[in-house]
Amino acid sequence: MPPPKKRQYCEGKPAVGIDLSPSTLVAYSPEAAVIEELAPDCEDIEAALRRVNRAIDRSYRATNPDAYNENGTFKKGCRLVPSKRCQKLKEKRKELFRKQAAVRKQSHEKAANELIAQSTDIKVEDTAVTSWTARTKEASVNPKNGKIRSKKRFGKTVTRRAPAMLLAIIDRKLKYRGCALKRVVTQKVKASQFDHSTGQYRKKRLCDRWCVIDGHRVQRDLYSAFLISHVTGKNLDTIDRKACCDDWTNFLKLQDEVLKTCDKNLGIF
């Protein structure tokens with residue numbers, strides 16, 4: 001049984017398009033544009049976690065000296081017996097994860113409510129969030145300093161921000177109202193490459209956060225959300241260029257408004 005409604009949700013309103021990244025939520029509807037950090041209240045516990053893990057390791061080594069070789073490596077087959085201090089440290093580590101998860105979920109619930117308050121017709125690309133955590137297959141060199149770039153991508157950011165959880169919460173709340181989160185076919189829509197003014201596709205580098213469309217400089221993620229909100233078709237694989245042209249002036253106005261208020265430290269600039 002669905003929970004009671006706490007507010008009037010906007011059935012029948014124009015669609016909301018979402019462009020999600022590992023750490024940023026960007027959304028667009030004809031009524032409002034959103035650029036904000038994902039789970040902004042979720043604290044980074046990496047530093048505290050490293051301290052606790054080092055303390056646990058020291059405790060294990062002090063309590064179980066026979067389980068380690070002279071070079072400090074662990075002897076296979078040995079059983080580690082935790083001390084009382086080690087058990088307390090493990091509880092502290094568990095509490096760090098619990099607090100972070102609780103704040104993250106509360107933040108996502110709030111963001112989902114704000115999006116559904118704009119419209120129950122919400123669209124997002126069907127990108128696999130797990131692909132953001134995969135390491136790159138080939139090594140590359142930074143041309144600025146000649147150093148080899150790390151193969152790591154966004155694993156820690158995805159773990160901390162949990163973008164997939166936000167989408168799951170939105171879908172759950174929409175189903176209470178007889179709707180569902182709509183998944184746009186990324187391979188056919190290619191929102192990050194499309195230009196509605198010409199109907200052409202142009203590949204962009206990941207570091208290119210801005211592009212020029214119809215003579216106007218637009219933020220890439222917000223423009224992608226704008227295009228996603230105007231995706232049509234039975235299989236959600238076609239961008240309605242006419243609807244984009246009709247809503248273009250409104251998009252430019254909302255973009256100017258949201259860029260004045262959003263955090264300049266976000267990775268969209």
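This is a predicted model: local features need pLDDT of at least 70, side-chain atom pairs count only at pLDDT 80 or more; totals for chains, interfaces and linings use all residues.

I started at Glu 91, which is partly exposed because its relative accessible area is 48%. For the wording, I take buried as under 20% relative accessible area, exposed as over 50%, and partly exposed as in between, with a 1.4 Å probe and protein chains only.

Residues are numbered from 1 along each chain as its sequence is written, and side-chain values use heavy atoms, with hydrogens and water left out.

Which residue forms a salt bridge with Glu 91? I found Lys 94, with the closest N and O atoms 4.0 Å apart. A salt bridge here is a side-chain nitrogen of Lys or Arg within 4 Å of a carboxyl oxygen of Asp or Glu. Both residues lie in helix H2, 3 residues apart, about one turn of the helix. Helices (H or I, at least four residues) and strands (E, at least two) are DSSP runs, numbered from the N terminus. Lys 94 counts as exposed, because its relative accessibility is 53%.

Next on my list was Lys 188 with Asp 237, whose closest N and O atoms are 3.9 Å apart. This pair links distant parts of the chain: Lys 188 is in helix H5 (residues 186-189), while Asp 237 is in the loop between strand E10 (231-232) and strand E11 (238-239), 49 residues apart. Lys 188 is exposed, at 52% relative accessibility.

Then I checked Asp 221 and Arg 209, which form a salt bridge with the closest N and O atoms 2.7 Å apart. Asp 221 sits in helix H6 (residues 220-229) and Arg 209 in the loop between strand E7 (200-201) and strand E8 (210-213), so the pair ties together parts that are 12 residues apart in sequence. Both Asp 221 and Arg 209 are buried. I also wrote down a network: Lys 105, Glu 109, Arg 172 and Lys 173 are joined by salt bridges that share partners.

I placed Arg 104 in helix H2 (residues 84-118). Leaving out residues up to four places away in sequence, Arg 104 touches Ala 39, Cys 42, Thr 159, Arg 160, Arg 161, Ala 162 and Met 165. Contact means heavy atoms within 4.5 Å.

Most residues other than glycine have a negative phi. Ala 39 has a positive phi of about 45° although it is not a glycine, and Ala 162 has one of about 50°. Ala 39 is in the loop between strand E3 (32-37) and H1, and it counts as buried because its relative accessibility is 2%. Ala 162 lies in the loop between H3 and helix H4 (163-175), and at 13% relative accessibility it counts as buried.

I found Asp 126 in the loop between strand E4 (122-125) and helix H3 (155-161). Asp 126 is partly exposed, at 35% relative accessibility. Asp 126 and Thr 186 are 60 residues apart in sequence and 6.1 Å apart in space, C-alpha to C-alpha. Residues up to four places away aside, Asp 126 touches Arg 183, Val 184, Val 185, Thr 186 and Gln 187.

My last stop was Cys 245, in helix H7 (residues 241-261). Cys 245 counts as partly exposed, because its relative accessibility is 45%. The C-alpha atoms of Cys 245 and Ser 197 are separated by 7.4 Å, though the two are 48 residues apart along the chain.
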